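Reader: I should like to learn how to read the features of a model of this kind. May we take them one at a time?

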Amino acid sequence: MVRRPVAWIVAVVLFAEALGIAGLNWFLGVVVDRQDMSLAGLDPDVMATSSKIGGVVFGLYFALCGLVALLVALRDRPAAGLGRVLLISAAVVHGLLGAFVWGLVGWPAFLFMVLVLGLIVLLLMTYDGRGAKSAEPTLPEGGAATA
């Protein structure tokens, strides 16, 4: 079965992305702070602080999505309620980020975003019909099917 390994992979990737996004935004905040330049009259301290806060918030969002995927892997049950909504929103975010990074960063970043999007969708879809009952009729205890 591919359910649990996919959930583990999604959890690891989302935790790594959480650290990467938070670290990148923190680094950009430090760069803006050291440049001491304004952009269209904005205060550089405000830009640096908002970049750091945005990175921490976005990193926590991805870490929470990774926690949901980790719980799916540990419990071997589908995400329900808020966890499912978080995973769906993470898939949408990766689709949008993939569209943006195609032009800004290049095709390798686009392929990474599409790969993560595919993994999240695969995680959501492999657990989708798990609780559904089988469509095959069951035989009575006598062993012979009656028509």
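This is a predicted model: local features need pLDDT of at least 70, side-chain atom pairs count only at pLDDT 80 or more; totals for chains, interfaces and linings use all residues.

Reader: How many residues does helix 1 have, and what span should they give?

Author: Helix 1 has 33 residues, which should span 48 Å at 1.5 Å a residue; because its end C-alpha atoms lie 47 Å apart, the two values agree.

Reader: Which residues of helix 1 are buried?

Author: An α-helix has 3.6 residues a turn, so residues three or four places apart point the same way. The buried residues of helix 1 include Arg3, Val6, Ala7, Val10, Leu14, Glu17, Ala18 and Ile21. Helix 2, helix 3 and helix 4 are among the elements that cover the buried residues of helix 1.

Reader: How should I read the nonpolar core, and which residues touch the most other members?

Author: In soluble globular proteins, nonpolar side chains tend to be buried together. Here the largest nonpolar core has 26 residues, and Val10, Leu87, Ile120 and Leu123 touch the most other members. At least two residues of this core come from each of helix 1, helix 2, helix 3 (82–104) and helix 4 (107–126). Helix 1 gives the most, with eight residues.

Reader: What is Leu87 in contact with, beyond its neighbours within four places in sequence?

Author: Leu87 is in contact with Cys65, Val68, Ala79, Ile120, Leu123 and Leu124.

Reader: Which residues line the largest cavity?

Author: A cavity is a space where a probe fits but cannot get out. The structure holds one cavity of 30 Å³ or more, and the largest cavity contains about 30 Å³ of space. Leu87 lines this cavity together with Val72, Pro78, Ala79, Arg84, Leu123, Leu124 and Tyr127. The lining divides into seven nonpolar residues, no polar and one charged.

Reader: How much space lies in the largest pocket, and what lines it?

Author: About 170 Å³ of space lies in the largest pocket. Its lining consists of Val68, Leu71, Val72, Arg75, Arg77, Pro78, Ala79 and Ala80. Six of these residues are nonpolar, none is polar and two are charged.

Conventions:
Residues are numbered from 1 along each chain as its sequence is written. Side-chain values use heavy atoms; hydrogens and water are left out. A nonpolar core is a set of buried Ala, Val, Leu, Ile, Met, Phe, Trp, Tyr and Cys residues joined through side-chain atoms within 4.5 Å. Buried means under 20% relative accessible area, exposed over 50%, partly exposed in between (1.4 Å probe, protein chains only). Helices (H or I, at least four residues) and strands (E, at least two) are DSSP runs, numbered from the N terminus. Contact means heavy atoms within 4.5 Å. The expected span of a helix is 1.5 Å times one less than its number of residues. On a 1 Å grid over the protein atoms alone, a cavity is a set of points where a 1.4 Å probe fits but cannot get out, and a pocket is an open set with protein on both sides within 12 Å along at least five of seven lines; lining residues have an atom within 4 Å of a point. Grid points are joined across faces, edges and corners, and a volume is the space filled by probe spheres set on the points. Ala, Val, Leu, Ile, Met, Phe, Trp, Tyr, Cys and Pro count as nonpolar, Asp, Glu, Lys and Arg as charged, and the others, Gly among them, as polar.
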